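Here's a quick tour of a protein model with a ligand in it. Have a look at the sequence and coordinates, then read on.

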Amino acid sequence: MGRFQIVGEDAIRSGKCTDIYFERVAGVLEADDVNPHVTMEVTAAALPDPWGVFCGLDDVIRLLEGLPVDVDAMPEGSVFSRNEPVLRISGRYRDFAVYETAILGFLCHASGVASAAAHIRLAARDRPVFSFGSRRQHPAIAAMIERAAWIGGVDAASNTCAPEGIPLAGTMPHAFVMCYPQPEDAWRAFAREAGPEVPRIMLCDTLSDEKVEAVRAAECGATAVRLDTPRSRRGDMRAIIEEVRWELDVHGYSDVKIFLSGGLSREDVVAYRDVADAFGIGGAIANAPVIDFSLDIVEIEGRPYAKRGKRSGVKQVYATAGGGRVTLPLTAPAPEGATALLSPHVRQGAIVARPNMDDARERVLSRLSGLAREG
Ligand SMILES: O=P(O)(O)OC[C@H]1O[C@H](OP(=O)(O)OP(=O)(O)O)[C@H](O)[C@@H]1O
């Protein structure tokens, strides 16, 4: 262990970050010379919503690279439903059993964040959504959080360790405003000194009423005002936003946008999307419930075999020509005009297809626009 309570990449990669029961049974299997060829599938038996967004595959592939296994999976950014296999691994059990903990950890967490981001992206309609929640999670996983949020459809992320290519967004902390004698001094300084690429979004709730500060910030050069108070206004927030909008308009600042943040939930986004112009979302994305994926044997030595509650046999998920989805045994003929969703990613340890973050995001956004059209 180093300076922080963090498990290093080497420990994860070598299978040392695992549940102890895998190590205990590995010794038993080895002593008995038992090592069957198995296929295991990743499925979620229940979801917090009717659909989720599959994410975390990139890390799983990097983890399994070099092992004598085959991996087939849906592409990252695929929308999936309960009981649909999103990934399958084939190989000799002892060769990869110890990685189950890390495989599920990668997928459960990233898919939970991506799913929450996608549901909020859908709820926000045309309003921009920014990921502000890396401070709600361990800093060691900030890149994962921001990548999953980006794939889920947010428009930008706040953490400077977000993977390259994700646009960064941020305004100013309350502490910055409080470093100056008055908020106006802080806003003027920001308007004067921040780089030309930085939007002049002024935080307007530090000392006075939001509508008073909003008009003053507009006078100091704000292009948008950030209201970070929904959490503390206990049900009056909509009236406050409308009042701020009114005051900005009557004072000649109808082009100044209203940016909302602070403890926002998906329900808040629905409630305020007609009066707020953009949303900064922290915990509702970063602290999303994980997807409860499990990794189960469905075939041993070519024979369908599964524990109670799981369907035996290797499966394929098809997107049908009519826009539906069906899960069938891999041995069954594909429905006419259907597209198979699980495709090869690793063959005997060699990566044959690598996820692309932006393609994954496009996949989500395209599905969300379909869902939005369906209403
Ligand atoms: O509330 P969440 O949705 O989880 O989003 C993260 C919050 O963190 C920041 O506020 P914070 O009060 O921590 O700091 P600040 O006042 O300096 O911005 C940011 O302004 C959001 O309000």
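## Aromatic pairs

Counting ring pairs gives 8 aromatic pairs, where rings of Phe, Tyr and Trp (its six-membered ring) pair if their centres lie within 6.5 Å. One of these is F130 with F259, a stacked pair at 5.5 Å centre to centre and 5° between the planes; stacked is the label for planes under 30 degrees apart, with over 60 being edge-to-face and the rest tilted. The pair ties together distant parts of the chain: F130 belongs to strand β6 (residues 129-131) and F259 to strand β10 (residues 257-261), 129 residues apart. Strands here are DSSP runs (E, at least two residues), numbered from the N terminus.

## Ground rules

This is a predicted model, so local features need pLDDT of at least 70 and side-chain atom pairs count only at pLDDT 80 or more, while totals for chains, interfaces and linings use all residues. Residues are numbered from 1 along each chain as its sequence is written, and side-chain values use heavy atoms, with hydrogens and water left out.

## Around the ligand

Some polar side-chain atoms sit within the 3.5 Å N/O cut-off for a polar contact. The distance to a ligand oxygen atom is 2.7 Å from R135, 2.6 Å from D228 and 2.2 Å from H174. The ligand alone exposes 490 Å², and the protein buries 82% of that (Shrake-Rupley, 1.4 Å probe).

## Positive phi

Two non-glycine residues have positive phi: E301 at about 50° and Q348 near 45°. E301 is in the loop between β12 (293-300) and β13 (303-304), and Q348 in the loop between β17 (343-347) and β18 (350-351).

Methods: Polar contact = N/O pair within 3.5 Å; in protein donor to acceptor, adjacent residues only side chain to side chain. Helix = DSSP H or I, 4+ residues; strand = E, 2+ residues; numbered from the N terminus.
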